[in-house]
Amino acid sequence: MEEMSNFIYDIIDKDIENGFPDKIHTRFPPEPNGYLHIGSAKAIWINFGTAKKYGGLFNLRYDDTNPVKEDDEYVRSIEEDLRWLGAEPNGGVYYGSDYFDKCYEYAVKLIKDGKAYVCGLSADEMREYRGTLTQPGKESPGRNRTVDENLDLFERMKNGEFPDGKYTLRAKIDMSSPNMNMRDPAIYRILHRSHHRQGDKWCIYPLYDFAHPIQDALEGITHSLCSIEFENHRPLYNWVVDNIGFEKKPHQYEFARLNLTYTVMSKRFLRELVETGKVDGWDDPRMPTLCGLRRRGYTPSSIIEFVKRAGIAKAYSIVDIGLLEYCIREEQNFAAERRIAVLSPIKVTVTNYPERKVEYFKLPNNPQNPDAGSRELPFTRDIYIDRSDFAEVPPPKFHRLKPGGEVRLMGAYIIKCDEVVKDSDGNIKELRCTCDFESGCNPPSDGRKVKGTIHWLSADYAENTEIRVYGRMFTLENVFDIPEDSSYMDYFNPDSLEIYKNAKVEPSLKSAVPGDKFQFVRTGYFCKDTKYDNVFNMTVNLKGSYKPE
């Protein structure tokens with residue numbers, strides 16, 4: 001797909017025409033409190049792709065200013081996912097916590113300039129004093145402290161003399177501003193927590209809205225590209241940059257977040273799914289996390305293609321998850337070699353076939369790509385077909401195997417079902433069939449045709465494996481419109497995972513390594529699991545309802 005223009009490129013093109021800046025410099029600032037998800041891929045691509053388009057620099061900067069939920073596990077996973085997507089941070093890898101000394105220094109500057117003060121209001125009182133959208137806020141009793149009083153209290157905050165929540169440092173802006181974010185926002189809070197990088201050096205931490213513009217300015221970021229929920233925070237971003245007095249000022253621009261049907265993007269809820277055991281960790285293939293998508297068989301190129309097709313705009317929208325599936329399906333149709341897997345095997349005995357005879361039928365590795373060659377599949381007296389390919393009482397237009405009916409085995413013979421063998425409970429355990437030896441080529445040499453073709457495997461040569469098939473994680477298409485008295489968990493799909501523990505695959509898959517991708521004919525696209533031995537995960541089924549424009 002050709003790269004399309006968007007409003008961000010239009011802004012940068014105009015900046016360049018006006019002689020600003022010398023070099024485009026962007027950043028991706030994730031908080032290391034969870035794993036990246038498909039929405040993060042959009043933010044990564046916008047920032048990295050923009051820098052790449054204009055020959056600029058791209059930074060990875062961890063927003064680790066809140067030690068409560070941050071962890072080195074998330075730090076490692078974020079960089080792994082970033083590089084997997086191909087977004088090389090050629091501008092460097094940084095940590096927001098590395099700027100704590102500078103943030104403190106600038107906070108002191110604001111106090112000395114009379115633009116920040118120490119406030120003793122509790123969180124509830126601060127909300128009460130803040131006012132509403134129609135009523136201005138009230139000034140904090142601490143707003144008129146002297147500079148010396150504020151400097152003394154702020155240093156004592158830093159020295160650990162006060163408990164959590166006793167004081168905050170607030171910017172002195174305008175308690176009657178129509179923008180609630182400008183009503184003397186807190187820029188520092190007391191938090192007696194050990195930091196994953198700074199240890200116990202600090203017990204006060206800067207708030208994101210204060211720390212982020214400082215970090216951008218210090219790193220020389222020219223275009224700070226972030227999601228639309230920060231649009232109302234932009235005046236505060238500019239206030240911090242202007243009042244600290246940076247000579248080169250970064251500028252913030254916002255884009256709409258990526259929302260997907262049947263998918264939750266909230267890190268808090270994704271963490272809940274992990275912690276309650278609803279899913280198999282952050283990398284569960286049902287999760288929208290990048291590590292989950294990778295384990296499921298999605299490729300970086302398919303995800304980037306999806307982000308491009310979804311588009312970059314400012315208006316809220318929800319994207320059909322079918323588009324994501326379409327992108328990987330379109331790619332793998334040409335890239336993945338074909339293999340045979342029987343998810344729910346039922347034994348077929350070809351009664352007129354010699355017991356010890358083995359012959360081989362040649363099947364193409366990828367009909368879409370003749371250069372992929374072919375492989376040979378062994379055929380013996382005992383074979384497996386999928387249970388779904390037989391019906392004792394077939395529905396209308398059932399063109400597979402049935403009592404007295406005929407069907408072609410893919411690339412091999414036509415067989416006829418002569419007898420259905422059941423166990424004592426009435427379950428089908430075996431089909432006894434005969435094959436037409438004259439039909440061993442396709443089409444058969446005698447010109448006889450049958451409507452149905454099914455896949456099969458030799459029972460003597462098939463390999464045992466486990467195959468996992470995934471459905472939608474949620475039953476609600478737009479999970480952003482759940483009723484007020486409901487929760488995401490009410491719409492968790494209990495049938496989103498189906499496990500076939502006794503599945504059979506052709507012998508060539510014995511040598512497959514974790515991460516290898518295949519099309520299992522007539523079933524879907526699959527990937528060898530990277531977490532568990534001898535498991536294949538379904539990436540996507542063969543066909544979807546999504547139609548590209």
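Residues are numbered from 1 along each chain as its sequence is written, and side-chain values use heavy atoms, without hydrogens and water. Because the model is predicted, local features need pLDDT of at least 70 and side-chain atom pairs count only at pLDDT 80 or more, while totals for chains, interfaces and linings use all residues.

**Aromatic pairs**

The structure holds 31 aromatic pairs. Rings of Phe, Tyr and Trp (its six-membered ring) pair if their centres lie within 6.5 Å; planes under 30 degrees apart count as stacked, over 60 as edge-to-face and the rest as tilted. Two of the pairs are tabulated here.

| Pair | Type | Centre to centre | Angle between planes |
|---|---|---|---|
| Tyr104 and Trp202 | tilted | 5.9 Å | 50 degrees |
| Phe162 and Tyr167 | edge-to-face | 4.9 Å | 75 degrees |

Tyr104 lies in helix H4 (residues 100–112) and Trp202 in the loop between strands S6 (186–190) and S7 (204–206), so their pair ties together parts that are 98 residues apart in sequence. Helices (H or I, at least four residues) and strands (E, at least two) are DSSP runs, numbered from the N terminus. Both Tyr104 and Trp202 are buried, meaning under 20% relative accessible area, where exposed is over 50% and partly exposed in between (1.4 Å probe, protein chains only). Phe162 is buried at 10%, and Tyr167 is buried at 14%.

**The sheet**

Seven strands form an open sheet of mixed pairing, in the order S19-S16-S17-S18-S12-S15-S20. Two strands pair if DSSP finds at least two bridges between them. The edge strands are S19 (453–454) and S20 (457–458). Strand S15 (residues 382–386) runs antiparallel to S20, joined by 2 bridges; Tyr384 has Leu457 of S20 as its bridge partner.
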